[in-house]
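Subject: Structure handover

Hello,

Please find the structure below, with its sequence. My notes on it come after.

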Protein chains: 2
Amino acid sequence: MGGVSTPHVLLGLLAGGSRHGYELKRAHDQRLPRARPLAFGQVYATLGRLERDGLVATAGQDRASGPDRTTYELTDEGRSTLDHWLSAVEPPMPYVASTLFAKVVVALLVADVDRARSYLVSQRAAHTARLRELTAVKTDPAATLNDVVAADFAIAHLDADLRWLHTTLGRVADWHREVHA
Amino acid sequence: MGGVSTPHVLLGLLAGGSRHGYELKRAHDQRLPRARPLAFGQVYATLGRLERDGLVATAGQDRASGPDRTTYELTDEGRSTLDHWLSAVEPPMPYVASTLFAKVVVALLVADVDRARSYLVSQRAAHTARLRELTAVKTDPAATLNDVVAADFAIAHLDADLRWLHTTLGRVADWHREVHA
DNA sequence: CGCCCACTATTCACCCAGCGAATACCTCCG
DNA sequence: CGGAGGTATTCGCTGGGTGAATAGTGGGCG
């Protein structure tokens, strides 16, 4: 699922000033609160690989009221890598990587049309409920613009799923026939 | 984004009859042609884990005009696991796992508004181009219903991205201000 | 004073996912 | 007979991701 490209995000956070692992994790949670949760272990593992590849370097250790901590900084190569990543356009939808889609295909293979249809209907209900939650997030007066933009992203894709579920419900019988032909 | 749940798909393909690894890979390519490509190695590794967990079992070996091959079949536990998976509703969008989104956030953090804006515009162009390709796939007279349904899924999500790109372009200045406040 | 708790910061040990190369074994074709 | 090509599986390595463990520090509390 991808991948949200954790290494590049860490490079981006480091571009705003040298930090150590713990700070990076908190900065990530603050800047990308609705993103896939990032574990501490993952931060240190990724930092290790970035250092190995010469994209970050240790900028000294200190012990300010707590355990030792090693601060990392961007190298020139890291800065140019980040720059290149930011300029590069992401390939849009090279393949359909969705559990939703895979599940419906498998349902058509191993079960009958009604089974697939009932799954589509349940999924539509769950999506609709989540959609309501997210629109509530948007209208919350305490919502930041960051929250709203993230919610809009999720809403747009939930809506896409819903429209696909709708048209697929209308085609599921034909589709089943084709699959078992 | 790992996650199209390869194990469950393999269980689904096995539900249509016992097969060996090579056949499973081909069945996968036939049934889910637009899905993330599945390597042979991945099939055997996954089969090994499924066998370890008691969801599939070897149903004998034979050597019919070729090298040895071990056929796998679903166990009862595997069948019920598959059944459970098919019945379970997928959690809709628990978090925003999109490189697109992450990249725009990072762009706003490390660069200025124009940089973010120009990225959004380039990405919109790429998406629009891909959208044209996919609508061409749909109108191709040789397209199967399977192709059309998969294309529709991709089209719906490309459209979702495009609408998000559009509204975000209008908010990027405000967003940048909030991020740097 | 002694103790536990919470916070900071990192490390470790696994597991799964993904990819490419390597290894056989067979058939067919020239 | 010798190589190309399809069949079938294995291996090694890297990266992604999780949960537990470790370790030091400061603050509150009896």
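This is a predicted model: local features need pLDDT of at least 70, side-chain atom pairs count only at pLDDT 80 or more; totals for chains, interfaces and linings use all residues.

Residues are numbered from 1 along each chain as its sequence is written, and chains are lettered from A and ligands numbered from 1 in the order in which they are written.

Chain A

Chain A has 7 helices and 3 strands; these are DSSP runs, numbered from the N terminus, with helices being H or I of at least four residues and strands E of at least two. Along the sequence the pattern reads α-β-α-α-β-β-α-α-α-α. Chain A is more spread out than a compact globule, because its radius of gyration is 22 Å, well over the 16 Å that the globule rule gives for 181 residues. (The radius is taken over C-alpha atoms, and the rule is 2.2 Å times the number of residues to the power 0.38.) Along the principal axes, the C-alpha atoms of chain A fill a box of roughly 65 × 45 × 30 Å.

Of the 181 residues of chain A, 34% count as buried. Buried here stands for 20 or more other C-beta atoms within 10 Å of a residue's own, exposed for 12 or fewer, and partly exposed for what lies in between, with C-beta atoms placed from the backbone. Among contacts in chain A with a separation of 6 or more, 54% come from residues 24 or more positions apart. Two residues are in contact if their C-beta atoms, placed from the backbone, lie within 7 Å.

The sheet in chain B

Chain B has an open sheet of 3 strands in the order β1-β3-β2, with antiparallel pairing; strands pair if DSSP finds at least two bridges between them. β1 (19–20) and β2 (56–62) of chain B stand at the edges with a single partner strand each, so one side of each has no neighbour in the sheet. β2(B) is joined to β3 (residues 69–74) of chain B by 5 bridges, and B:A57 has B:E73 in β3(B) as its bridge partner. Helix α3 (residues 40–52) of chain B lies across β2 and β3 of chain B, at about 120 degrees to β2(B). For that angle, axes are lines fitted to C-alpha atoms, for helices over the stretch in contact, and angles run from 0 to 180 degrees between N-to-C directions.

How the chains meet

In the interface, 62 residues of chain B are in contact with 64 residues of chain A. On the chain B side, the elements giving two or more residues are α1 (6–15), α5 (99–110), α6 (113–139) and α7 (145–179). The largest share, 21 residues, comes from α7(B).

A backbone detail

A:S5 has a positive phi of about 60 degrees although it is not a glycine. A:S5 sits in the segment before α1 (6–15) of chain A and is partly exposed, with 16 other C-beta atoms within 10 Å.

Regards
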